[in-house]
Amino acid sequence: MAKKVVIVGSGPAGLTAAIYTARADLQPLVIEGFTKGGQAGGQLMTTTEVENFPGFPEGIDGPELIMNMKKQAERFGAEFIMEDIDKVDFSSKPYTLSNSNRTITAHSVIISTGASARILDLPSVKKFWGKGVSACATCDGALPMFRNQVIAVIGGGDSAIEEASFLTRFASKVLLIHRRQEFRASKAMQKRAFDNPKIELVLDSVLDEVYGSQFMEGIKVKNVKTDEISDYACKGLFMAIGHVPNTDFIKDAIDLNEKGYIKVKHPSTATNIEGVFGCGDVIDPHYRQAITAAGTGCAAALDAERWLQANDLG
Ligand code: NAP
């Protein structure tokens, strides 16, 4: 039998949609996501302290916040499957979502698959991936190989500064490499980095090469103003250069914008396919906050509920 609502993705957007649709007695099924584009629970699972989610005056760990949201959705009857969806068919109703294990049918679908870390497309980055090069300081930063070593972080946004600050707990020094002088990160985050004596700024600079033997041993960095190449011995390199939306599995089934984000009919979360809604970072290249994702997750749940009711499916 077709499910009333299937939610694909389990970050703050998907879990908020799950809480709302479960409370509306729509018995949502949440496909948590597992391997593609990160992991179940989304980007907050690799975040340390979340200081700006309202309601937690002392802050809360990202994974704890996600687990609490999941428990809240389960309390109202949401079901969870820890798998990825590989394929969707929105050409006839009920819609189908499938992978090698199963095919699920659904009257309405909420897509909240988020976005994943962007990786620099250099052969040497690929060569030393997992051998010093990573995109997740929270996951890998505490590894013994990085302790008391020089570590580099690339990027000038909040993530880069958060990762650099976090890595100073383990590293002897953190090189923060950014391609221009101005940082995109919030002023509060910038102050945190600039006040930290363990963080050294390498500005107007881009990665040219990672080198080493079995593991990485250093990087070559090019100054974009002078073309001068500098060599830095370091044992780790963390990329924090933004994100790409996780929409590969729906790219032929739904309208996306030029950057691959799902197009929705603002202020609603409706897509070009009736009964299919988008929420969270997969629709949002601008704000990308846990709280804005949760907000659009709520909106998608209400949109799905109203659409089901209007079509006598709710
Ligand atoms: P972001 O804000 O898009 O920043 C990406 C950074 O990477 C930019 O500084 C960009 O440089 C640089 N970059 C992009 N492509 C590059 C390339 N090919 N080579 C070198 N550098 C490159 O991404 P983010 O830091 O991941 O943040 C995403 C969102 O999450 C933001 O809205 C942020 O506020 C939020 N966030 C919040 C927190 C927090 O509040 N605790 C923590 C993490 C993230 P340019 O500046 O020159 O474009």
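How far is an oxygen atom of the ligand from an N or O atom in the side chain of Arg-184?

Reply: The model is a predicted one, in which local features need pLDDT of at least 70 and side-chain atom pairs count only at pLDDT 80 or more, while totals for chains, interfaces and linings use all residues. Residues are numbered from 1 along each chain as its sequence is written, and side-chain values use heavy atoms, with hydrogens and water left out.

In the side chain of Arg-184, an N or O atom lies 2.5 Å from an oxygen atom of the ligand. This is a polar contact, that is, a pair of N or O atoms within 3.5 Å; within protein, one must be able to donate a hydrogen and the other to accept it, and residues adjacent in sequence count only if both atoms are side-chain atoms. The side chain of Asp-158 likewise has an N or O atom 2.5 Å from a ligand oxygen. For the side chain of His-243, the distance between such an atom and an oxygen of the ligand is 3.4 Å. Taken alone, the ligand exposes 920 Å², and the protein buries 81% of that. These accessible areas come from the Shrake-Rupley method with a 1.4 Å probe; for residues, only the protein chains shown count as cover.

The wider shell may now be described. The ligand is surrounded by 19 residues, each having a heavy atom within 4 Å of the ligand. The closest are Gly-156, Asp-158, Ser-159, Arg-180 and Arg-184. By class, the shell contains six charged, nine polar and four nonpolar residues. Here Asp, Glu, Lys and Arg count as charged; Ala, Val, Leu, Ile, Met, Phe, Trp, Tyr, Cys and Pro count as nonpolar; and the others, Gly among them, count as polar. Helix 5, which spans residues 158-167, gives the most to this shell, with three residues. Helices (H or I, at least four residues) and strands (E, at least two) are DSSP runs, numbered from the N terminus.

Two backbone features complete the account. Most residues other than glycine have a negative phi, and most peptide bonds are trans. Asp-204, however, has a positive phi of about 50° although it is not a glycine. Asp-204 belongs to the loop between strand 13 (199-202) and strand 14 (205-212). With a relative accessible area of 7%, Asp-204 is buried; buried means under 20%, exposed over 50%, and partly exposed in between (1.4 Å probe, protein chains only). The peptide bond from His-266 to Pro-267 is cis, with omega near 5°, and Pro-267 is located in the loop between strand 18 (243-245) and strand 19 (276-278).
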